[in-house]
Amino acid sequence: MSAGTYTPRPGAAPLHRMIAAQAALETRMLLRNGEQLLLTVVIPALLLVLFSAVDVVDTGAGEAVDFLTPGILALAVMSTAFTGQAIATGFERRYGVLKRLGASPLPRWGLMTAKTLSVLVTEVLQVVLLTVIAFALGWSPQGNPFSVLLLLVLGTVAFSGLGLLMAGTLKAEATLAAANLVFLLLLVGGGVVVPLDRFPEAAQSVLGLLPISALSDGLRDVLQHGAAMPWGDAAVLAVWAVLGWARRRGSSAGSEGPPGAPSRDNVRAHPGMPTPRENLHKPFLTIGRVETPISYIAKRWTPSAKTAKRAALAAVVMSVFIIVTGGAVRLTGSGLGCDTWPKCTDDSLFATPEQGLHGAIEFGNRMLTYVLSAAVGWAIIAARSLKPRRRGLTRLAWSQFWLVMGNAVIGGITVWAGLNPWSVAGHFLLANCLLTVAVITWVRIGEGDGAPRPRAPARCGSCPGPSSPPRSC
């Protein structure tokens with residue numbers, strides 16, 4: 001019998017497998033981060049629904065959704081490729097992850113490729129979701145889909161380069177503040193929801209050169225007006241892409257560590273440092289999570305168990321209350337007291353005197369959704385801020401948020417469908433699912449995360465007599 005070799009063969013994996021594994025890791029990190037999903041998915045979807053249904057901004061002739069959808073698609077690209085990637089990469093740089101990756105067999109361009117693939121996967125999910133919502137709101141797109149695809153790719157490359165440039169230049173905390181500030185400023189002044197022709201002429205010429213303006217205007221020319229490829233906007237995006245990636249290469253040394261740190265090539269052979277082969281057998285450095293408002297609060301506030309239980313109980317009480325008021329809507333026949341959604345009438349966001357009691361009941365039930373959302377938000381913050389951190393409890397609290405958002409959408413579909421029995425049943429079932437998860441969260445706060453233990457010693461056997469106690473197992 002010959003002796004076998006039981007140690008793994010040393011050496012790096014094939015390049016395509018390393019890139020695919022890193023891209024899958026980056027994507028899973030994003031999808032597991034509720035705060036990042038709020039930025040990349042929830043905010044664009046809410047903006048699309050709100051500004052399409054409520055006449056807040058004059059979008060000119062035609063349907064508001066036809067003007068807004070291209071801009072919201074551009075905003076989604078910016079939120080993922082620029083804001084989210086800049087913040088995540090900034091904290092990876094702070095915690096030394098990029099420096100550690102520089103000593104691994106994965107080349108630098110492979111890491112950039114993996115990050116870009118992760119961004120593209122996330123953007124595909126965003127585009128699918130926003131397209132479904134836009135079609136539900138009455139969107140009628142035009143134009144060539146290949147032109148749309150080219151613009152989205154150019155926008156992704158441009159915003160990725162700018163995001164990585166910011167992450168490699170500023171400190172992590174400064175990147176967090178600057179990326180969010182840029183996101184808000186470009187949301188208002190980048191032609192996303194406010195047409196550029198509403199600004200002074202001097203400002204229009206400057207704002208039109210921004211990458212978000214070029215992307216939103218280019219998508220709008222194709223999808224709303226059915227134009228051919230807008231080469232002017234594409235050229236603006238290409239220039240921003242070249243500038244961002246060229247400047248990023250000049251500042252890439254800063255992404256490997258503080259000034260004076262050894263470069264990637266020197267790290268491999270630096271005395272006392274592990275070689276790439278040795279580094280493969282060492283624990284990989286955990287990537288730090290992005291500093292978000294909720295994690296910021298969690299670092300500085302630790303609620304007591306009683307406070308956390310009160311927050312969870314508030315979500316339970318509001319879940320019961322919303323079910324009761326929903327039943328009142330059904331029993332009084334007020335389901336169509338507001339004949340559209342999210343507005344109460346075609347011309348008013350609020351109930352009007354002409355709608356009478358039925359309109360007041362239905363509108364009151366809708367307003368309670370905001371109170372329920374506030375209670376669920378308090379439960380999320382309290383669960384996230386507990387020490388030590390309980391991830392399972394935080395996921396339960398976040399699941400309440402997604403159930404509230406999903407039930408709001410199902411409620412709107414129910415109104416549009418004229419109280420179709422199937423949509424009414426789905427609306428009711430989701431409300432009960434919310435109550436169930438809220439009660440489980442409330443109960444779990446008072447319990448630990450360890451394995452269940454019996455409250456009394458287990459017993460086995462039968463009693464041989466009235467005076468003999470049962471034997472312990």
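In this predicted model, the axes of helix 14 and helix 15 (residues 356–385) come within 8 Å and cross at roughly 160 degrees, where axes are lines fitted to C-alpha atoms, for helices over the stretch in contact, and angles run from 0 to 180 degrees between N-to-C directions. Helix 14 is therefore roughly antiparallel to helix 15, given that angles under 35 degrees count as roughly parallel, over 145 as roughly antiparallel, 65 to 115 as roughly perpendicular and the rest as oblique.

By class, the contact of helix 14 with helix 17 has 16 nonpolar, three polar and two charged residues. Helix 17 also holds cysteine 433, which is partly exposed, with a relative accessible area of 38%; buried means under 20% relative accessible area, exposed over 50%, and partly exposed in between (1.4 Å probe, protein chains only). The C-alpha atoms of cysteine 433 and valine 404 are separated by 9.9 Å, although these residues are 29 apart along the chain.

A further helix pair is formed by helix 3 (residues 64–94) and helix 7 (residues 172–189), whose axes come within 8 Å and cross at roughly 170 degrees. Helix 3 is therefore roughly antiparallel to helix 7. Residues of helix 3 including Leu75, Phe82 and Arg94 meet residues of helix 7 including Glu173, Leu176 and Phe183, and the contact of helix 3 with helix 7 divides into 13 nonpolar, five polar and two charged residues.

A search of the whole structure finds five aromatic pairs, where rings of Phe, Tyr and Trp (its six-membered ring) pair if their centres lie within 6.5 Å, and planes under 30 degrees apart count as stacked, over 60 as edge-to-face and the rest as tilted. The rings of tryptophan 398 and phenylalanine 401 have centres 5.5 Å apart and planes at 85 degrees, so this pair is edge-to-face. Tryptophan 398 and phenylalanine 401 are separated by about one helical turn, because they are three residues apart in helix 16 (residues 391–416). Both tryptophan 398 and phenylalanine 401 are buried, and Trp398, Phe401 and Trp402 form one aromatic cluster.

Over the whole chain there are 17 helices and zero strands, which are DSSP runs numbered from the N terminus (helices H or I, at least four residues; strands E, at least two). Buried residues make up 44% of the 473 residues in the chain.

Residues are numbered from 1 along each chain as its sequence is written, and side-chain values use heavy atoms, with hydrogens and water left out. As this is a predicted model, local features need pLDDT of at least 70 and side-chain atom pairs count only at pLDDT 80 or more, whereas totals for chains, interfaces and linings use all residues.

Note on methods
Ala, Val, Leu, Ile, Met, Phe, Trp, Tyr, Cys and Pro count as nonpolar, Asp, Glu, Lys and Arg as charged, and the others, Gly among them, as polar. Contact means heavy atoms within 4.5 Å.
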